[in-house]
Amino acid sequence: MKAPQLRIPSLSSIAPRVSTVNTCQLRWASKRTTPAIPQPVPLVPDVPTLLKVLGRGLSQYAEKFPTWNSLFTSDSMQMKELGIEPPRTRRYLLAWLERYRQGALGPGGDFKHVENGEAYLQIATTEAQDSKWVINVPAGQKADGTVQGPDERVRGYQVRGASAITGPYALPLKAGDGAKVQVVEGMWEHRQGIKVDGGERRRTEVRYKKRIAQRKAEIEASRRG
């Protein structure tokens, strides 16, 4: 009589199976990096000021972000948990944070001298004396002669006529003594467009309903006639 043969299970049958989905998730999580945190600029030195210039009512959420880092490390889900609604507001804020990381700032983003939310602009001439540039100077000071290079010139502001400075939110000072730019609500805001027929998502549905309503009105009018 033959002795019964013992079957030894293979390693593949007893080894724990790892889900492919879980493996992919672990790999993706391991590759995630912390978003870059840029430095504040003189015009927007803190979270409340940044949210103020971005507009769209974002100032009301300033207390949700106790630090500069907490704002720039938040994602859409975290912002939703903080009560930032609707979704388009979160998308707008996240898009602006990315623009800030890339250095694509709004008016006054390149100012170097800002005090209490106010920046002063003066007119200076180039070394060749062939053109005039607008530069940012500390409060109470005047441009001392010529500028050394284009880095001193502020973007978005020009000289008009003999001594007028024009540009976003530039307020002329008395006696033609330069201009002042003050931080105001929404000065970096991207204005929302006007929705036509419910916007892109609902346009087809809205226009279809309009055609149905118009057709019904035409039928009713023909019956009355």
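Q: What makes Glu118 and Lys180 a salt bridge?
A: Their closest N and O atoms are 3.7 Å apart. Glu118 lies in strand β1 and Lys180 in strand β7, so the pair ties together parts 62 residues apart in sequence. Keep in mind that this is a predicted model: local features need pLDDT of at least 70, side-chain atom pairs count only at pLDDT 80 or more, and totals for chains, interfaces and linings use all residues. Residues are numbered from 1 along each chain as its sequence is written, and side-chain values use heavy atoms, leaving out hydrogens and water.

Q: Why is Arg90 called buried?
A: Its relative accessible area is 7%. Buried means under 20%, exposed over 50%, and partly exposed in between (1.4 Å probe, protein chains only), so Arg90 counts as buried.

Q: What about Glu85, the salt-bridge partner of Arg90?
A: The two side chains meet at 3.0 Å, N to O. Glu85 has a relative accessible area of 37%, so it's partly exposed.

Q: How do you know that β1 and β7 pair?
A: Four bridges join these antiparallel strands. Two strands pair if DSSP finds at least two bridges between them, so β1 and β7 qualify. Strands here are DSSP runs (E, at least two residues), numbered from the N terminus.

How values were computed. A salt bridge is a side-chain nitrogen of Lys or Arg within 4 Å of a carboxyl oxygen of Asp or Glu.
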